[in-house]
Amino acid sequence: MSSIELFYAGLGLLSVALIVWLSRDLFRRGGPAGGASALEWACWLTAVPALLIGWYFNIAYMREYGAAAGWWHWTTLLFVNPASASGGQDLIIANLILFPLWTIVDGRRLGMRAPWLYFPMSLLTSYAFAIALFMAVRERQRRANAAAGRGQ
């Protein structure tokens with residue numbers, strides 16, 4: 001991997017580690033959330049391949065386009081034809097507007113720590129990975145709240 005690829009991978013992994021560290025009480029063995037639920041397992045089983053597949057294609061993109069690679073260039077490639085433009089506009093609206101609204105509003109309601117962090121993490125890892133991680137941590141927070149009698 002090139003130094004820029006390692007840099008972005010490092011930032012992505014650092015953002016994930018920060019989220020897990022901030023939520024460490026939820027992941028503690030014997031903690032208030034208990035073990036992983038079926039929903040949480042489904043999220044983890046979706047998150048890992050989403051991250052690996054997303055990074056595979058992002059690294060391929062950086063290697064193919066070299067110095068031209070960047071956020072602006074990547075985004076313009078989403079609009080090379082009507083089919084990709086349809087998916088591209090969905091991705092942009094969902095990731096830049098709806099995802100931050102969802103994670104921040106729902107995360108605060110449940111008492112999650114730093115729910116805003118999922119959005120920048122989605123730009124460094126994978127949108128699908130960020131959704132799956134948010135859903136997994138949200139599920140743990142919901143179960144911890146229920147165990148503490150704090151409602152949903």
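Predicted model: local features only at pLDDT ≥ 70, side-chain atom pairs only at ≥ 80, totals over all residues.
Student: Where is F129 found?
Tutor: F129 is found in helix 7. Helices here are DSSP runs of H or I with at least four residues, numbered from the N terminus. Residues are numbered from 1 along each chain as its sequence is written, and side-chain values use heavy atoms, with hydrogens and water left out.

Student: Is F129 buried or exposed?
Tutor: F129 counts as buried, at 7% relative accessibility. Buried means under 20% relative accessible area, exposed means over 50%, and partly exposed is in between, with a 1.4 Å probe and protein chains only.

Student: What does F129 touch?
Tutor: Leaving out residues up to four places away in sequence, F129 touches V16, A47, A50, L51 and M121. Contact means heavy atoms within 4.5 Å.

Student: And how far is F129 from I93?
Tutor: Their C-alpha atoms are separated by 17 Å, and the two residues are 36 apart along the chain.

Student: OK, the core. Which residues of the largest nonpolar core touch the most other members?
Tutor: I19, M112, Y118, M121, F129, L133 and V137, out of 24 residues in that core. A nonpolar core is a set of buried Ala, Val, Leu, Ile, Met, Phe, Trp, Tyr and Cys residues joined through side-chain atoms within 4.5 Å.

Student: Which elements give two or more residues to this core?
Tutor: Helix 1, helix 3, helix 5, helix 6 and helix 7 do. The largest share, seven residues, comes from helix 7.

Student: Let's do helix 3. How many residues does helix 3 have, and what does it reach from end to end?
Tutor: Helix 3 has 28 residues and reaches 41 Å from first C-alpha to last, close to the 40 Å expected at 1.5 Å a residue. The expected span is 1.5 Å times one less than the number of residues.

Student: Which of the residues in helix 3 are buried?
Tutor: E40, C43, A47, A50, L51, W55, I59 and Y61. What covers them includes helix 1 (3–22), helix 2 (24–27), helix 4 (71–77), helix 6 and helix 7.

Student: What follows helix 3?
Tutor: G66 does, and its phi is positive, near 50°. A114 also has a positive phi near 50°, and A114 is a residue other than glycine. A114 lies in the loop between helix 5 (82–110) and helix 6 (118–124), and A114 is buried with a relative accessible area of 19%.

Student: Back to E40. How buried is E40, and what is its relative accessible area?
Tutor: E40 has a relative accessible area of 1%.

Student: Which side chain does E40 join in a polar contact?
Tutor: The side chain of R143, at 3.3 Å. A polar contact is a pair of N or O atoms within 3.5 Å; within protein, one must be able to donate a hydrogen and the other to accept it, and residues adjacent in sequence count only if both atoms are side-chain atoms. Beyond four places in sequence, E40 touches F27, G35, A136, E139, R140 and R143.

Student: Switching to rings. How many aromatic pairs does a search of the whole structure find?
Tutor: Nine. Rings of Phe, Tyr and Trp (its six-membered ring) pair if their centres lie within 6.5 Å; planes under 30 degrees apart count as stacked, over 60 as edge-to-face and the rest as tilted. Y61 and Y65 form a tilted pair, 5.3 Å centre to centre with 40° between the planes. Y61 and Y65 are separated by about one helical turn because they are four residues apart in helix 3. Y61 is buried at 11% relative accessibility, whereas Y65 is partly exposed at 32%.

Student: Why is the pair of F99 and Y127 edge-to-face?
Tutor: The ring centres of F99 and Y127 are 5.6 Å apart and their planes are at 90°, so the pair is edge-to-face. It links distant parts of the chain, with F99 in helix 5 and Y127 in helix 7 (residues 127–147), 28 residues apart.

Student: Which cluster do ring pairs link F99 into?
Tutor: A cluster of F99, W102, Y118, Y127 and F134.
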